2 protein chains.
Amino acid sequence: MKSNIPVTSLQRLPIYLNYLKSIGSQEGFVSSGAIARALNMGEVLVRKDLAYTSAQGKTRVGYSLTELISALEEYLGCNDKKNAVIFGAGGLGSALLAYGGFSNYGIDIVAAFDNDPAKIGAEIAGRPVLDASHAREGVKQLDVKLAVICVPAKHAQGVAEELVACGIKKILNFAPVLLRVAQDVTVRNMDVAANLAILSSM
Amino acid sequence: MKSNIPVTSLQRLPIYLNYLKSIGSQEGFVSSGAIARALNMGEVLVRKDLAYTSAQGKTRVGYSLTELISALEEYLGCNDKKNAVIFGAGGLGSALLAYGGFSNYGIDIVAAFDNDPAKIGAEIAGRPVLDASHAREGVKQLDVKLAVICVPAKHAQGVAEELVACGIKKILNFAPVLLRVAQDVTVRNMDVAANLAILSSM
C-alpha cells in the first residue's frame, strides 16, 4: 500500500475528491477547516488524511483547490489508466457495465465474463461479454489488473481462484461470501445485504 | 448505536456470520482461534468483536456454533423484520430488487420508487415500482425504515432530502456524491467506482 496510508484514511480520499470537485472552480483556495465543516469531520483528521497526498497547505489560505484535486487524483491513480473486468453479467454485473463513473478514477471496465451461452458474445453498454471458460487468455490479452465479482455466492470462491490464476490480485467482491485467497491478493467486500444490515444496526 | 460498538467491529459481524454458517452443523463448538485463522484475523480482535454480542465462549471448547450464530443474528437484527425501499429502478436498482440475500438479515425490499412513467406501475422481481412523486404516502403506508439510493448522482441529494422528509433515517447510498443530511440521519456510502479506486490504490 502506498506510503502506509491506513485503509480508513484511503477510504476518505474519494469523499474529499468528490466534495472538492463539487464546490466549483470559482474558489481559489480551500482550508482544511472548510472541508471539515462541509463533510462533518474533524479538522485534524482532514489535515492528516490530506498529508498522505502531495498537497501542501499554506498557512492562513489553505490548499489551492486545483492542486489539491490534482494531488488526490494522483494519489488515487485517476490518471493511470487501468483495465478491469466484471465476472458475472447478470443484473448487477450489467448495471455496473453501464455505469459511467469508473472513468473518473482512470478505470476502464473492458469486458464481462459469463458462462451463460445466451450471454456470451453479446454486448452490454458497448462492452463484450466473453466466455468465462476462456478467462485466462482474455484477461491476459486485455491487460486486466482489477476484477469485480458479481456471480452468485456459491460460484464466487471458484471465480476468485480463477482470477488469481489469471494473475489478478485485486478483487471487488459483491458476493455475500468471504473469499479465501493468498495473502498477496486484496479483496474488498461489497456485500449489499450485509451493509444494509450494518446500517440498520447503527 | 447498540452498546457503542465501533463501526469497524460492527462491519465484521456479517463476515463472522457468513463464515459460521458456511462451516456446517457437524461442528458443535468453534473457538475464537479457529475463526481467527479461517478469516486471517487476530484472535484478540475476534474475541473483542464477538463480546459485543450475547455469545459466551467457554474456556477450552469455545463457542457453541448454534448459539454464536444466533447471537450474531440477534445482534444484526436478522429476526426483526424491517421494510426497505429502493429509490431509482434503473439497472442497479432493478438488480438489487432481484437479489434475494436481504431476507437473511430480516430485510424485505418492499418496493422501488422511480419518476419514469414507463417504469411506474411495473413490477420488478415481484416488487412494485411506485411513483416517486408520491413517495411520502408510500413510505408511510409500507412502514419503511431503510432506503437504498440508486439514482444518478445529480438527483441523489434531492432524493435524500425527500427520504428524510418521509421519516427515513438510514440510507444506503450508491450515488457517487456525499449526501448532506441532519446529524440524526445515518448514510452508508457504497460508491462502487471509488471502492474500485481504493482497491487499486491498496
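Q: How many residue pairs are in polar contact between chain A and chain B?
A: Ten, with both residues at pLDDT 80 or more; a polar contact is a pair of N or O atoms within 3.5 Å, where within protein one must be able to donate a hydrogen and the other to accept it, and residues adjacent in sequence count only if both atoms are side-chain atoms. This is a predicted model, in which local features need pLDDT of at least 70, side-chain atom pairs count only at pLDDT 80 or more, and totals for chains, interfaces and linings use all residues. Residues are numbered from 1 along each chain as its sequence is written, chains are lettered from A in the order in which they are written, and side-chain values use heavy atoms, with hydrogens and water left out.

Q: And how many salt bridges across the interface?
A: Zero, taking a side-chain nitrogen of Lys or Arg within 4 Å of a carboxyl oxygen of Asp or Glu.

Q: What area do the two chains bury?
A: About 4,700 Å², 73% of it on carbon and sulfur atoms; that is the accessible area (1.4 Å probe) lost on being put together, summed over both parts.

Q: Which three residues supply more of chain A's share than any other three?
A: A:L196, A:L199 and A:M202, with 15% of the area that chain A buries against chain B.
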